[in-house]
Amino acid sequence: MNDFYDILGVSKDSSQGDIKKAYRKVAMKYHPDRNPGNKEAETKFKEAAEAYSVLSDNQKKSQYDQFGHAGINGNGYNASGFSDLNDIFSNFSDIFGSSGFGDFFNGGRSSHQRKGKDLKLSIPVTLEDVSSGSDKTIKIKRYESCESCQGSGGEKGAQPITCTGCNGSGEVRRMQRSLFGQVVNVQSCQNCKGSGKVISKPCRKCNGEGLSRVSASISFQIPPGISGGNYMTQRGEGNKGPNGTPAGDLIIYFEEVEHSLFVRDNNDIFVDAFVSYPVAVFGGQIEVPTLEGKVRLKVPAGIRPGQMLRLRNKGCPELNSHRMGDLFVRINIHISKNISKKAKELIKNLESELNENSDFKKFSG
Ligand SMILES: [Zn+2]
Ligand SMILES: [Zn+2]
């Protein structure tokens, strides 16, 4: 197995931006669409995807920096890498990284087929959505086939005819002179927009475009463990293409909404809990919130403010895995301002009692 840094041609202290740039460059070079049937290029393309999947993830990267390939193995990460190309495309174009990256793959793969435009939108997700993988239904506006002409673009029964601009090839070739001799310049035909056919009698409803803008409902499940900045691609749910070409994709970006109680750090969650002074001293049971409702938590005797108690597997699920993060409960001592006269008396007595106590004196000087 080659070194991940060598594969991408970056150094250990390269920024995430540089790593992404480097990966994009290597992936472009060995992209299967550019190297059809080339097994060596395919291997390099897979290697680069694997290297990037590790180096782009700070946690995996630091594991790799410390322990090399063994660190990635031991972490439950699939070290055998990506088995096939579809694996790579689904991993990197469906749920990954920041904007623009998906375009690169979509653009790369669709260069030889005309299709409709991709639609992009972002939706807010709560920590509860992220944890349970909620089902969502969203309303979007997109181009679909015109109802009046069934997408043909022709007024009732009018058949498309062969374009005279390109004789139906969809391309216009021009010879140009250059320093290197004659160069053939191939361009998409303007007259038929590359389709090779034109509409003799355009549909009045859609002006021959064959498309109309309509509302659509899209249902999907939020992938459990997703983070803000991640996105997923719904294939074929974007705008329908012109002249009956396939629809583009719908790309949904996720924006994480700040939670009123919990703070998330990767798959772990932190929450503050307050205990009374007697509970801190003697121990006891308290109720703490989790993403799935309240649970009882045993507080050990003599706990200090700021100390954390861990509830295993009560955090967030890890993306694309069955593992769960933990919930950390930070203990705070509740100091009440409004207390009864009797309580004041008791605390005064406690204070003088503690002042006699040598253990307390050590700290108060
Ligand atoms: Zn129409
Ligand atoms: Zn044409």
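A: **Sheet, metal sites and loops**

Three strands form an open sheet in the order β1-β9-β8, with mixed pairing, where strands are DSSP runs of E of at least two residues, numbered from the N terminus, and two strands pair if DSSP finds at least two bridges between them. β1 (119-125) and β8 stand at the edges and have a single partner strand each, so one side of each lacks a neighbour in the sheet. On average, neighbouring strands of this sheet are turned by 25° against each other, direction ignored, with axes taken as lines fitted to C-alpha atoms and angles running from 0 to 180 degrees between N-to-C directions.

The model is predicted: local features need pLDDT of at least 70 and side-chain atom pairs count only at pLDDT 80 or more, whereas totals for chains, interfaces and linings use all residues, and side-chain values use heavy atoms, with hydrogens and water left out. Residues are numbered from 1 along each chain as its sequence is written, while chains are lettered from A and ligands numbered from 1 in the order in which they are written.

Within the sheet, β8 (residues 231-234) and β9 (residues 250-256) pair in the antiparallel sense over four bridges. In β9, Y253 is the bridge partner of Y231, and I252 is that of M232. Side chains in a regular strand alternate between the two faces of the sheet. In β8, Y231 and T233 point one way while M232 and Q234 point the other way, and all of these residues are buried, that is, under 20% relative accessible area, as against over 50% for exposed and partly exposed in between (1.4 Å probe, protein chains only).

Turning to the metal sites, the zinc ion (ligand 1) is coordinated through SG of C146, C149, C203 and C206, at 2.2 to 2.4 Å; donors here are N, O and S atoms within 2.8 Å of the metal (3.2 Å for Na, K and Ca), and sites may look incomplete because water is not among the atoms. The donors of this zinc ion (ligand 1) follow the spacing C-x2-C-x53-C-x2-C along the chain. The four donor atoms around the zinc ion (ligand 1) subtend angles of 101 to 115°, and the arrangement is therefore tetrahedral, a label given to four donors if all angles lie between 85 and 135 degrees. C146 counts as buried because its relative accessibility is 1%, and C149 counts as buried at 7%.

The zinc ion (ligand 2) is held by SG atoms of C163, C166, C189 and C192, at 2.2 to 2.4 Å, and its site is tetrahedral, with angles of 103 to 115° among the four donor atoms. Along the chain, the donors of the zinc ion (ligand 2) follow the spacing C-x2-C-x22-C-x2-C. C163 counts as buried at 1% relative accessibility, as does C189 at 3%.

The loop between β5 (181-188) and β6 (197-199) also holds K193, whose phi is near 55°, a positive value in a residue other than glycine. K193 is exposed, with a relative accessible area of 53%. A positive phi near 55° is found at N266 too, again in a residue other than glycine, and N266 has its place in the loop between β10 (263-265) and β11 (268-275).

Definitions and conventions: Four donors count as tetrahedral if all angles lie between 85 and 135 degrees; four count as square planar and six as octahedral if opposite donors are over 155 degrees apart and all others between 65 and 115; anything else is irregular.
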